[in-house]
Amino acid sequence: MNLSRYAWSNLRRRPARTALTVSAIAIGIAALVALTAISWGFEASWQKANDARSTDLIVTRQASENAMPSPFKAEAVQQKLEQLPHVARVAGLLSEMLTLSPEAPPMFVFGWEQGSYLWDHLKLQEGRWPAAGEVVIGALAAEMLHKKSGDRVEVEGETFRVAGVFQSAALVENGAVLMSLDQMQRVSDKPGKVNVLNLQLDREATEADIQRIKAQVAADLRGYTAITSGELVSQNAVVRISKAMSQATILIASLVGALVVFNTMLMSISERTREIGLLLALGWQRRTVVRLIVGEALMLSLAGGIVGIALGFGLTWGLEHLELMRGKIDAVFSGGFLLVVLSLSGILGVCGGLYPALKAARLQPSQALRQE
Amino acid sequence: MTEPAPILPLLRARALKLHFDDGQTQALDGVDLDIAEGEFVAITGPSGCGKSSLLNLIGALDKPTSGELYLRGQPYAAIKDASLFRRSNIGFVFQSFHLIPTLSALDNILAPTVGAPTPQEPAETRAKALMQRMGLGHRLQHFPAQLSGGERQRVALVRALINDPPLILADEPTGSLDTANAAQVLDLLTEFQRERGLTVIMVTHDPAVSARADRIIAMRDGKVVHPGEVS
């Protein structure tokens, strides 16, 4: 006789209760997996977009916590930045989230300085790069808008010709419409303004130089800050909210999971009082009873964890393919994270099962055997 | 010339008392008892006379309010782990079998070996051999619900024997069986007791069952009223 086989047979004794408990844990774990993967994916997607542009530093308005930093007049700031040592190139960027078609979800429209290094990482899939009065669109945006090169697209009441379709390594750019900065400033009625100024440093720039530039911007450009793309992403309000939501979900899922296991195991030992008394009478040590009950709790929670991870994958896939969310979510799963989720399931199983197990082990065998 | 050392009884009880409900109920009221190694003893008496309470104390399932119990001269008061003590020294047979419904007959038999430091393989071989002798070699993988009352009690008997204890405590072992099955279980119990030199203490109401014992101890109102004579 083997303890784990016995634990398993006890769980099979009440299949409906076992299935309900596993489902409750699985739902919590699925929400946790999906939200965390989306939150990380959101962060990674923005990070990828910044990294793909080979931007070393980004200058924004200080304390700007919007999804995209608040726009500011670029010219004077840009001139000062170009004077700084090791700054090779400075390129402005302006963006808006806009609805371009009633059939498609809102999408990003980016205005990039024409001829700047920002364009270098994009690969043209069809057509050509835009001239005045034209835009290029990402491959995913083309799919969502049902547009190809030569078609027309309306941005804030102004019609543009689609000059080409491009591919980017970053999902956020693939789902976007791209035009020159001056055109974007005009249609969005923000003349001369950008959300950020992207700085590309020369090859000689070291980490110490980056720190010096950051300090110089803080000293010379009052109200502005120079940060790395990683810092910009982690300061992003949407990233921070999604991270906070994922952390809250971890807390709630853990609490609910542990309570569900606790309740199930408490019911189970109350039904099996006489049986546990018998085992103690037959010579089981109290620690063996604890191992049995905690083992059952662990099996429940790990089953919930595994089902939850599978559900989480499904939920994320569903959200990624939801029309409204297309091009905005690029969920990130890692083996390490899934291992952490499984470990968390295990921990909440042990936590939920420990008190019932200790309670069972404290039973007096003679009294337990008398129980009907 | 030195005198031979006195032979210690397997079990000795002295002035054993057991009170419940803060002393309101006296289950045992000063029991003195000596049971020799290899003896088959029946304890009889009316309901509520303290038979089962005495069995629980001997089985280390309860602690006496006062008095002393010894097994092979070792005081029960000095037992550190009652579970380990039971596993090594005592086999239980209950009136209502107490088999675990979700486990096969074989797993029920092996239940007392779980958590034991010794490997389970020899226990499994022993269990199969004992089941063969009980005529249940073909019922190893059957669950309790698939067995008759007599078969269940025979499985319970094998479970009591699996750790090779010196003492078997049987509480009305035939109380739930018909006459034929009761006789079969008692035959097997007697057979093993004689073959292995086991000490059996059996609680029973039934004079026909107690007549199978070497000695009948009569109890009334928590006291031994007749310590019996070896037949």
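Predicted model: local features only at pLDDT ≥ 70, side-chain atom pairs only at ≥ 80, totals over all residues.
## Overall dimensions

Chain A contains 13 helices and twelve strands. Its C-alpha trace spans about 90 × 45 × 30 Å along the principal axes. The radius of gyration of chain A is 29 Å, whereas a compact globule of 372 residues would have one near 21 Å.

Chain B has seven helices and ten strands. Its C-alpha trace spans about 50 × 45 × 40 Å along the principal axes.

## Chain A: a helix pair

Helix α2(A) covers residues 15–52, and helix α11(A) covers residues 286–320. Their axes lie 6 Å apart, at an angle of about 45°. The two helices are therefore oblique to each other. Their crossing is right-handed. The residues of this contact comprise 16 nonpolar and nine polar, with no charged ones.

## Chain A: strands around β8

| Partner of β8(A) | Residues | Sense | Bridges |
|---|---|---|---|
| β5(A) | 123–127 | antiparallel | four |
| β6(A) | 134–138 | parallel | five |
| β7(A) | 152–155 | antiparallel | four |

A:K123 has A:Q167 of β8(A) as its bridge partner. A:E134 stands opposite A:R161 in β8(A). A:R152 also stands opposite A:R161 in β8(A). Strands β7(A) and β8(A) form a hairpin with two residues between the strands. In that hairpin, A:E156 takes a positive phi near 50°.

## Chain B: the six-stranded sheet

Six strands of chain B make an open sheet. The order is β6-β7-β8-β3-β9-β10, and the pairing is mixed. At the edges are β6(B), residues 90–93, and β10(B), residues 223–226; each pairs on one side only. From one strand to the next, the twist averages 25°.

Within this sheet, β7(B) (residues 167–171) and β8(B) (residues 199–203) pair in the parallel sense. Five bridges join β7(B) and β8(B). B:A170 has B:M202 of β8(B) as its bridge partner.

Helix α5(B), residues 149–161, lies across β6(B) and β7(B). Helix α5(B) runs at about 170° to β6(B).

Helix α5(B) also meets helix α6(B), residues 179–196. Their axes come within 9 Å and cross at roughly 15°. That angle makes α5(B) roughly parallel to α6(B). The crossing of α5(B) and α6(B) is right-handed.

Which residues of α5(B) and α6(B) make the contact? Helix α5(B) supplies B:G149, B:G150, B:Q153, B:R154, B:L157 and B:L161. Helix α6(B) supplies B:N181, B:Q184, B:V185, B:L188, B:L189 and B:F192. By class, the residues of the contact of α5(B) with α6(B) are six nonpolar, five polar and one charged.

## Chain B: the four-stranded sheet

Chain B has an open sheet of four strands in the order β2-β1-β4-β5. Its pairing is antiparallel. The edge strands are β2(B), residues 25–35, and β5(B), residues 74–75. Each of these edge strands pairs on one side only.

Strands β1(B) (residues 11–20) and β4(B) (residues 66–71) run antiparallel and are joined by five bridges. B:L11 stands opposite B:L71 in β4(B).

## The contact between the chains

How many residues does each chain bring to the contact? Chain A brings 19 residues and chain B brings 20 residues. On the side of chain A that touches chain B, α1 (3–13), α10 (273–281), α11 and α13 (365–370) each supply at least two residues. By class, the side of chain A that touches chain B has ten nonpolar, six polar and three charged residues.

Definitions and conventions:
Residues numbered from 1 in each chain as written. Chains lettered and ligands numbered in written order. Axes fitted to C-alpha atoms, helices over the stretch in contact; angles between N-to-C directions. Parallel < 35°, antiparallel > 145°, perpendicular 65-115°, else oblique. Left-handed = near helix turned anticlockwise from the far one by under 90°. Nonpolar A, V, L, I, M, F, W, Y, C, P; charged D, E, K, R; others polar. Pairing = 2+ DSSP bridges. Contact = placed C-beta atoms within 7 Å. Rg over C-alpha atoms; globule rule 2.2 N^0.38 Å.
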